[in-house]
Amino acid sequence: LDLLGRPLSHDATVKQGALKQGFNDTKRLWKDAYGCVMVETLEERRKREAALRERKLHNKNRNDSGYVGCGSCGWGDELFHSNLPHK
C-alpha cells in the first residue's frame, strides 16, 4: 500500500504458458546471478543432498589430505604432521 498507494492487484488472468515461462526465466536468472537454485522440488532436494553426502564420503575416504604439502614447511600430509607442533 505504501509503495503503490493502493493494494496490489492479484489478477490471475495471465495465461498459464506465459506464467510458467516467466517463472522459468526468473529461476534461470536467479541461478545465473547467485549460483544456486531459487526453488527446488522435494525430489530435486533429495538428489542434491544425496550427491553432497556422496562427495563428502568420497573425500573422507581419500588417502591424501587434499593438498600437496604443508604451508609452513612444504612437506608431508595430514598424517605426517599429526605429531608436529605446526600442523
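User: Why is leucine 8 called exposed?

Analyst: Its relative accessible area is 57%. Exposed means over 50%, buried means under 20%, and partly exposed lies in between, with a 1.4 Å probe and protein chains only. Leucine 8 is therefore exposed. As for its place, leucine 8 sits in the segment before H1.

User: What kind of model is this, and how are residues numbered?

Analyst: This is a predicted model, in which local features need pLDDT of at least 70 and side-chain atom pairs count only at pLDDT 80 or more, while totals for chains, interfaces and linings use all residues. Residues are numbered from 1 along each chain as its sequence is written, and side-chain values use heavy atoms, with hydrogens and water left out.

User: What makes Leu3, Leu4 and Leu8 a patch?

Analyst: A patch is made of residues with over 30% relative accessible area and no salt bridge; nonpolar side chains (Val, Leu, Ile, Met, Phe, Trp, Tyr) are joined within 5 Å, and like charges within 9 Å. Leu3, Leu4 and Leu8 form a nonpolar one on the surface, with about 390 Å² of accessible area together. Such areas come from the Shrake-Rupley method with a 1.4 Å probe, and for residues only the protein chains shown count as cover.

User: Which secondary structure does the chain have?

Analyst: There are 3 helices and 0 strands, running α-α-α from the N terminus on. Helices (H or I, at least four residues) and strands (E, at least two) are DSSP runs, numbered from the N terminus.

User: How do you know that the length of H1 agrees with its number of residues?

Analyst: The expected span of a helix is 1.5 Å times one less than its number of residues. For the 19 residues of H1 that gives 27 Å, and the end C-alpha atoms are 27 Å apart, so the two agree. Just after H1, glycine 35 takes a positive phi of about 75°.

User: Why is the aromatic pair called tilted?

Analyst: The structure holds 1 aromatic pair. Its rings belong to tryptophan 30 and tyrosine 34, with centres 4.5 Å apart and planes at 45°. Rings of Phe, Tyr and Trp (its six-membered ring) pair if their centres lie within 6.5 Å; planes under 30 degrees apart count as stacked, over 60 as edge-to-face and the rest as tilted. The distance passes and the angle falls in the rest, so this pair is tilted. Tryptophan 30 and tyrosine 34 are 4 residues apart in helix H1 (residues 16-34), about one helical turn.

User: What makes tyrosine 34 exposed but tryptophan 30 partly exposed?

Analyst: Tyrosine 34 has 56% relative accessibility, so it counts as exposed. Tryptophan 30, at 34%, is partly exposed.

User: Which residues does methionine 38 touch, and where does it lie?

Analyst: Methionine 38 is in the loop between H1 and helix H2 (42-60). Leaving aside residues up to four places away in sequence, its contacts are Phe23, Thr26, Lys27 and Trp30, where contact means heavy atoms within 4.5 Å. Methionine 38 and lysine 27 are 11 residues apart in sequence, and their C-alpha atoms are 5.9 Å apart in space. With a relative accessible area of 30%, methionine 38 is partly exposed.

User: How do you know that arginine 28 and aspartate 25 meet in a salt bridge?

Analyst: A salt bridge is a side-chain nitrogen of Lys or Arg within 4 Å of a carboxyl oxygen of Asp or Glu. Here the N to O distance is 3.8 Å, so the pair qualifies. These two residues are 3 apart in helix H1, about one helical turn.

User: What makes Asp25, Arg28 and Asp32 a network?

Analyst: Salt bridges link them. Besides the one with aspartate 25, arginine 28 meets aspartate 32 at 3.9 Å, N to O. Aspartate 32 and arginine 28 are 4 residues apart in H1. Aspartate 32 is exposed at 58%, whereas arginine 28 is partly exposed at 45% and aspartate 25 is partly exposed at 28%.
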